[in-house]
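Here are my notes for you. Keep the view open and check each point as you read.

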Amino acid sequence: MKITIVGTGYVGLVSGACLSDFGHQVVCVDKNLERIQDLKKGIIPIYEPGLDILVKKNVKSRRLTFTDNIDDSLRSSEVVFIAVGTPSRRGEGGADLSYVHEAAQEIAKMSDNYILFVTKSTVPVGSNRDLIKVIEKANPELKFDVASNPEFLREGSAIDDFMRPDRVVVGVESERAKELMLEVYKPLYLRDFPIMFTSLESAETIKYASNAFLATKITFINEIAQLCENSGADIKEVSKGMGLDERIGNKFLHAGPGYGGSCFPKDVKAFISTAEKNNVNLSIISAVDKFNDERVERITSKIIAKSNLQKEDTVSLLGLSFKPNTDDIRDSTSLKIAKLLINKGIRIKSYDPVSMEIAKSENTELILCNNAYEACEDAKAIIIGTEWNEFRALDFLKIKKHATNLVIFDLRNIYKAKDLKDLGFEYFGTGK
Ligand code: NAD
């Protein structure tokens, strides 16, 4: 089957690599020429474990190609995925659909034959129905269908999530679209992964409700962590005890600095905004959004107070990406904390295994170091912001020799308080 994917970012590239590995002929399109030129040279623009090998394999077998010219690929593709960004609109939380509309218009104008437009971008309920009107207007002669196929992959384990999904959700309205989507996902369907067909509106809502639920679970445990800090309970024990209840489950129940990344913050806000347009107040999710926004400031104030930070003091920040195994820094809590500290005149020496250059382009005042130990030299406080594996077994005796003060803020609870206290450090975990 011939497939075109418009938007070769995180979702588009992973989808393209996986669908070509299923045996389909895939063309990935992006208007970012530099990105396409890099991909043609074998340079992968994002850090995602296993992605380079999968791309290389499928490029070699000629099932996966890249272009900045959408026209080239459309001639033979019946199925076109739209995987462009849907960021928050400035000044309000709603999703900006301009990239999706622009991509759909371009495809529509260049097509003569039937096209199935598959929206993989995360779009609010009602968007795919609006997209039908956008396409009709761009090319009134075109025969087409629209399918809503939200993506649930997690950065850091994206390939596994795509290849072994908990479910594939597809909103469709015609038998032809359903048949084509079954063909796209045939390798998953044959291996009994659940493929669920719904209305366009249900598929759109499943995506936002799922992300909002997970954000709520994280926020719930973070709020309980605050209670633990004031009451003497230990959030790790509380999480474990709760998670053993099968009705609750242990996933997304780890206290930390709050959720970040390219999806949860913007999707939670967009969900609230969509509900408002439908005259519904999502009160629980609004509370989640507010709590999460305020959490970074609360944590930063705690860091300043507990280590008595003054202007021109140096702080070490370990981890910049929003979670381990990705170089994605979008809405990273580490970077938000860094910005608040820098605004107070504090110097931030930081180290991250993969996302330093990209973080530096966001915040030029970050002092980048070659490793965790260099970042900890002369630091008055050490913040563990992302739980990369290489931060789990640091040599604290080595760190102790060069630190000016011995205060550690373990925002991800990867160490035992007693172990660090025995070494002479003052230790602050989250929710302990
Ligand atoms: P991204 O920013 O990494 O990639 C988007 C790409 O689209 C960019 O490379 C951009 O140049 C390209 N683009 C924009 N307009 C274009 C056009 N008209 N023609 C060709 N290319 C165009 O975004 P992403 O993280 O891959 O997210 C894409 C969508 O998937 C979003 O709606 C997001 O919410 C959703 N999503 C993301 C994830 C994730 O983990 N990143 C997971 C699930 C869903």
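**Notes on the predicted model**

1. Start with Cys263. Its relative accessibility is 30%, so Cys263 counts as partly exposed. Please remember that this is a predicted model.

2. Next, look for disulfides. A disulfide is a covalent bond that joins the sulfur atoms of two cysteines. How many disulfides does a search of the whole structure find? The count is 0. Cys263 is in no disulfide, and the nearest cysteine sulfur belongs to Cys18, 16 Å away. A disulfide needs the two sulfur atoms within 2.5 Å.

3. Cys376 is in no disulfide either. Here the nearest cysteine sulfur is that of Cys369, 8.6 Å away. Is Cys376 buried or exposed? Cys376 counts as buried, because its relative accessibility is 1% and the cut-off for buried is under 20%.

4. Now turn to the ligand.

5. An N or O atom in the Lys266 side chain is 2.6 Å from a ligand oxygen. For Glu106, a side-chain N or O atom lies 3.4 Å from a nitrogen of the ligand. Lys31 uses its backbone instead: an N or O atom there is 3.3 Å from a ligand nitrogen. On its own, the ligand has 830 Å² of accessible area, and the protein covers 89% of that.

6. Look at both ends of helix α2 (residues 33–40). At its start, a side-chain oxygen of Asn32 comes within 3.2 Å of the backbone nitrogen of Glu34. Just after α2, Gly42 has a positive phi of about 90 degrees.

7. Finish with Asp328. Where is Asp328 placed? Asp328 is in the loop between β9 (314–318) and α14 (333–343). Asp328 counts as buried, because its relative accessibility is 6%. Its side chain makes a polar contact with the side chain of Arg330, at 3.0 Å. Leaving out residues up to four places away in sequence, Asp328 touches Tyr10, Glu155, Ser262, Ser321 and Phe322.

Conventions. Residues are numbered from 1 along each chain as its sequence is written. This is a predicted model: local features need pLDDT of at least 70, side-chain atom pairs count only at pLDDT 80 or more; totals for chains, interfaces and linings use all residues. Side-chain values use heavy atoms; hydrogens and water are left out. A polar contact is a pair of N or O atoms within 3.5 Å; within protein, one must be able to donate a hydrogen and the other to accept it, and residues adjacent in sequence count only if both atoms are side-chain atoms. Accessible areas come from the Shrake-Rupley method with a 1.4 Å probe; for residues, only the protein chains shown count as cover. Helices (H or I, at least four residues) and strands (E, at least two) are DSSP runs, numbered from the N terminus. Buried means under 20% relative accessible area, exposed over 50%, partly exposed in between (1.4 Å probe, protein chains only). Contact means heavy atoms within 4.5 Å.
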